[in-house]
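This report walks a new reader through selected parts of one protein model, beginning with a helix and its surroundings. Please look over the sequence and the structure first.

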Amino acid sequence: MDRLSYEYISFGHNYEDLPMEILIKIFEYLNPTDILIAGLVCRRWLEASQHTDFMELFTLSFNQVNFTDDSPPIKDFQETFRNFRSVTFNNVEFGSTEKFGGILTEDVHELSIKNCDIREKKLKEIISPICNLKTLRIEACRELLMDGRLFDIEKENKALMETLSSVENLSLANNRYLSDALFNRIVSFMPNIERLDLSGCHISFHQGLYRKFYPGSQLEPSESVLTFLHISDYIEKNSAKLKYLNLSLTLIDGKSLETLANTPELKLESLMLRSCDQISNPGILRLVQVQQNLTSLDLSLSMRVTDQTICEIVTALPRLKVLKARRCRALTDISVRELLKLTELRTLDVSECDSITGIGFIDGISNKKFTNLRELYVSALNICSNTVMKITEAFPELTILDVSCCFNSVTDLCVQLIIKNLVKLRYLNVEMCDKITDAGLTGLSMGDELAEYLEEQRENEKKSENKPPQDQAASSSSPKESPSQVIERLMVEREQNYYKISLGSKAETEIKHDAKRKKAMQEMCETDSCEENASGYGISRLRGLRVLKLGGCNRVTDVSLKYSFKLRELKELGLERCYQVSIEGMKAIADNCPSIEILNLAECHTINDKAVEYITEHLHRLTRLSLEKCIQLTDFSLDYISMNCKALQLTMQIQAT
């Protein structure tokens, strides 16, 4: 008996005895959440998960808590055996804690204090023990800066100066009480700053302010106003080190950009000018002509950016890798055509630019492959389905694709081509694309339509091999009706033959059609010929997909969730306003997508208490759950959430009956 017991205990492989080098190599293939979960298996795996290569992946975040000495989270933080490189305090009340000082150690490299009611004494207690701090963010802390006396006693700050001397990344964003004197005092502790963020600060750029308030010496720092004169003076003195500058959400103008461009020895690599309405073409043109080391440029929500600006950027910055021009409404197809000439471009965002159509994309693509582009954002553009299809063929290495709010452009055929061509996708956003049905996500009845499109494309390439393609309507490059559309049309015609006069509304008619379509798809999936019908591509082909947003795609039903959603890596799923999703689909999601952390079911009126029970019991990693306006829920759902969801971070919005 003892021998059998010994053999039973010794049966199988003891994976905890693997060499540490092999464990670390295995962990490199996991995403951060999986590494964290694997660290709970045994002490050796915990040791592997705490390797220096993985510590940068995790942030210890305190959100909306009130610290007291003898209760969580301070007590738990003191007793933890984990090490963290990054710590964030967001909207935290530090209270009268006495034990907080010294909790953070030299292992911390990144510290963020955002929107906190904190005083100078407590700030020093937190920062002083951290001797290897690389990143410091003090954002939206009004009480800390309001009196203007932060760090004003020099003899008390010698130790702090030694602590902060290693800081390379400083963010003072969204501090309305930041002044010249405070800014100069803070940066004086940090001689090695390479990245500076002043976004959202109240900066004065007008020269008249200096003449009025500083008639004698303009270099005298103000105790109440933050001026660009002192910022530019600091930039000039540290131009050899500064590589990143963020002046988003400020009133920076063209003249200030020219001043920035003419700063000797300044070689910026990244410049953020998001939502800067005062910048003008001459200032940007001068800047890009001089700062030719720029690889990342953000001009989003800057209304004065035009095609001329983009053309000059393309000419002056051929090594640009990131360009964001979201909601720059003056841009047209000319800009897109020019941007696609940047061979090293990795991220392109031209979302919400009303004047951009598919012509610019198709002309710029011109049967070429762009293997460097990884992220493409074309949300809310006036493009046709043919453009979306061309995008899927031209950018095979995409990991992020956002085509949300392209209402009539993203069809089932477009979804099939996305699944077929973009197998490396990690993020897909097709919100508000209400042409998408179960056929597009499952591939059912899409084989003939897909084959016909591909054959037509091959014939077109042969006929016009040297002719640049023109933007065409979606109907010209795809068959007029798919098999599923034919079935739907026949059902409608049959119903019209039986009922010559309809007393129902258009909405009621659509609801009936959707119900019949769902029933037909369900029957097709349950028959033996399911594999023959599914000659297209299912969404599960995108095995590495981690974020999928289907909000507003109200033709998507439980059929897609049951028969196609087998995504083991999926972390975030948005199904808000998908009215035909019910408990059957939720069971399939919970069983086949176990890694989901964020789930949005807002306005899914068919979700009930049973669905919430199943979700909370099986999705153990849920950190965010939105159930807003799910009108069938009762207090039982709150009980299931409180019993089963141990990792929830945000308060749910629930409308109960």
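The buried residues of helix H10 (180-187) are covered by elements that include helix H8 (142-145), strand E5 (169-171), strand E6 (195-197), strand E8 (226-227) and helix H12 (228-237), where helices (H or I, at least four residues) and strands (E, at least two) are DSSP runs numbered from the N terminus, and where contact means heavy atoms within 4.5 Å. Seven of the eight residues of H10 are buried, namely Asp-180, Ala-181, Leu-182, Phe-183, Arg-185, Ile-186 and Val-187; buried stands for under 20% relative accessible area, exposed for over 50%, and partly exposed for what lies in between, with a 1.4 Å probe and protein chains only.

The model is predicted, with local features needing pLDDT of at least 70 and side-chain atom pairs counting only at pLDDT 80 or more, while totals for chains, interfaces and linings use all residues. Residues are numbered from 1 along each chain as its sequence is written, and side-chain values use heavy atoms, leaving out hydrogens and water.

| Helix | Residues | Buried residues |
|---|---|---|
| H10 | 180-187 | seven of eight |

In H27 the buried residues are Ile-583, Gly-585, Met-586, Ala-588, Ile-589, Ala-590 and Asn-592, and their cover includes helix H26 (558-563), strand E18 (572-574) and helix H28 (609-618).

Within H26 lies Ser-560, which counts as buried because its relative accessibility is 0%. The side chains of Ser-560 and Asp-438 are joined by a polar contact of 2.5 Å, a term for a pair of N or O atoms within 3.5 Å in which, within protein, one must be able to donate a hydrogen and the other to accept it, and residues adjacent in sequence count only if both atoms are side-chain atoms. Leaving aside residues up to four places away in sequence, Ser-560 touches Asp-438, Leu-441, Thr-442 and Phe-565.

Finally, some words on confidence: pLDDT is the predictor's confidence in each residue, from 0 to 100, and the protein averages 85, with 83% of the residues scoring at least 70. Over residues 1-11, however, the pLDDT is below 50, and this stretch has zero contacts in the model beyond near neighbours in sequence. Where pLDDT is low, the predicted coordinates should not be read in detail.
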